[in-house]
Amino acid sequence: KWLGTPIAELRRMPMCGAPLPHLKPSPNHSVLIRTDLLREWEVPVPYPTKYKDAWDETNVKMPCSDKNLYPVENEDGSSGLQSRWELIQAALQIQFSSSLDVRESILRYNVTHVKKWDFTALNLLCTEVLDYSEVEHLFGSILPDMGQLALRLPKLCTQPIPLLKLKMNHSITMSQEQIACLLANAFFCTFPRRNSRKSEYSNYPEINFNRLFEGSLHTKTEKLKTVLCYFRRVLEKTPTGLVTFTRQSLTNIPKWESCKAHLTRLHVTCEGTIETHGNGMLQVDFANRFVGGGVTGSGLVQEEIRFLINPELIVSRLFTEALDHTECLIITGVEQYSNYSGYADSYRWSGIHVDETPRDNWQRRCTEIVAIDALKYRRFLEQFHPEKMRRELNKAYCGFVCPGVKSCHLSAVATGNWGCGAFGGDTRLKALLQMMAAAEAGRDVAYFTFGDKDLMTDIHRMHSFLTQKDITVGTIYGLLEQYYSTVCKNCHTSRPEQSLYNFIYNKIASYSESTDSEEDSTKPATSPENN
């Protein structure tokens, strides 16, 4: 069920990692906790001690800001401004006894959305999905405690949270407790100026959970079960770790036609998952340019599932602007709280997950996830255009490269059919592009085909062939351009008659034969495609 290098031989964190420097804030790293008080198994202490507000264009506008004002009509008919945080505090301190109470509380400080926001999914969860004891626990304990957690915002998130904007290279490290507080606020839809596509946050993902509550699809109630499992777990026992979010924006892009690197080691399998069998590796999130995709809406494929079972990922949507072509988001330290089965419409929450991933010296779980967004293709052939292939190579390379770190300290990339579902990518092309990018970045590859045995065989044969023939990344890139110009460019059918892999085998075989004949070799080269 697997081919290539045994997965146990590929590098993983923490075993392969270089020693971490002392954690400290810097101009390109915001650290929201007291690093001098960081201790194993102890809840990190927020820094600074007192809340510091920054209602501006470079930081997240917080619900508890004094500048977060709400228009109100006075008794005499005049209009005035009221603190929205005071309204939120009053709304979240009531006793919830039904989903209608939750709806009423949220709409008290979101009055303009009274007629638009729909809480059908939340109501179905409480009336038709959960049993009586679960509903009692939800309203008697979980939701009130979530409300109190949300209201601790000015005590827990005391430092302005910078926006990770376009072209920035910046990291944010915060505690799991701070993330839980921010996500409780997202659940209760308290974040200001985030409910309109016309606001200054129009190029950011949604963060408030209002769309998670709408509609009658059973997948929505399964999503809610997964999210509420997370809140139940963190409220029962406050997690003690840290999580780092890094926006990486590259300016030094390889000249692919000149790359001298050879393909690195490959493990390819039709069984297993990135999150389970790629533990300790750099795990690829098949992302939307708005990180998290439809996690707070109706989306439920690879990225959304990962954000649900590791909900601390969702907080990245609060501060991460849409990714550009040579940018990625790297998240280190998130914990998995839930198990699941199925995919898309068949997705089901299947109970709690106890994450035993070891922690590094910064008290982060050794789980590293990289969000890279693929292009979407309307026509199959357009992805073979050199400009499109270069874009995907650059994006993958941006996600895989770790400037200044030696290859021996880099974990393998755990990936799969990136951008090959609704985005229309060709699995064989995407596999080859990712292997090329990983080679240039100095990382091995663990490739998961998600049940596709033929793809597993094809990828392994191509990798073995290119490795045995000592073909460089630059030569492969040249062959990709040739494939476009000779096969795809003037193709009048929806798909080319000759497959990419067949073209590569034949080109290299004919090149080998011509070289052999020049050397008077009596043994002609053959390609595995023709064997």
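Which residues lie nearest the centre of the second largest pocket? The tour will reach them after a look at the whole chain.

This is a predicted model, in which local features need pLDDT of at least 70, side-chain atom pairs count only at pLDDT 80 or more, and totals for chains, interfaces and linings use all residues. Residues are numbered from 1 along each chain as its sequence is written, and side-chain values use heavy atoms, with hydrogens and water left out.

**The whole chain**

Begin by showing the protein chain as a cartoon. It contains 15 helices and 14 strands (DSSP runs, H or I of at least four residues for helices and E of at least two for strands, numbered from the N terminus). The radius of gyration, taken over C-alpha atoms, is 25 Å, close to the 24 Å that the globule rule gives for 531 residues, so the chain is as compact as a globular protein of that length. That rule is 2.2 Å times the number of residues to the power 0.38. Along its principal axes, the C-alpha trace spans about 100 × 50 × 45 Å. Buried residues (under 20% relative accessible area, 1.4 Å probe, protein chains only) make up 57% of the 531 residues.

**The largest pocket**

Next, select Leu20, Trp362, Arg364, Glu368 and Cys402, which are the closest to the centre of the largest pocket among its 41 lining residues. A pocket is an open set of points on a 1 Å grid over the protein atoms alone, with protein on both sides within 12 Å along at least five of seven lines; lining residues have an atom within 4 Å of a point. The volume here is about 1100 Å³, counted as the space filled by probe spheres set on the points, which are joined across faces, edges and corners. Now colour β6 (242-249), which gives the most to this lining, with four residues.

**The second largest pocket**

Select Phe286, Val301, Gln302, Glu303 and Tyr343: these lie nearest the centre of the second largest pocket, which is lined by 29 residues. About 710 Å³ of space lies in this pocket. Then select α9 (302-309), the source of the largest share of the lining, six residues.

**The cavity**

Finally, select Arg193, Arg194, Ser196, Arg197, Ser199, Tyr201, Tyr204, Pro205 and Glu206, which line the largest cavity. In a cavity, a 1.4 Å probe fits but cannot get out. A search of the whole structure finds one cavity of 30 Å³ or more, and about 30 Å³ of space lies in the largest.

Methods:
Buried means under 20% relative accessible area, exposed over 50%, partly exposed in between (1.4 Å probe, protein chains only).
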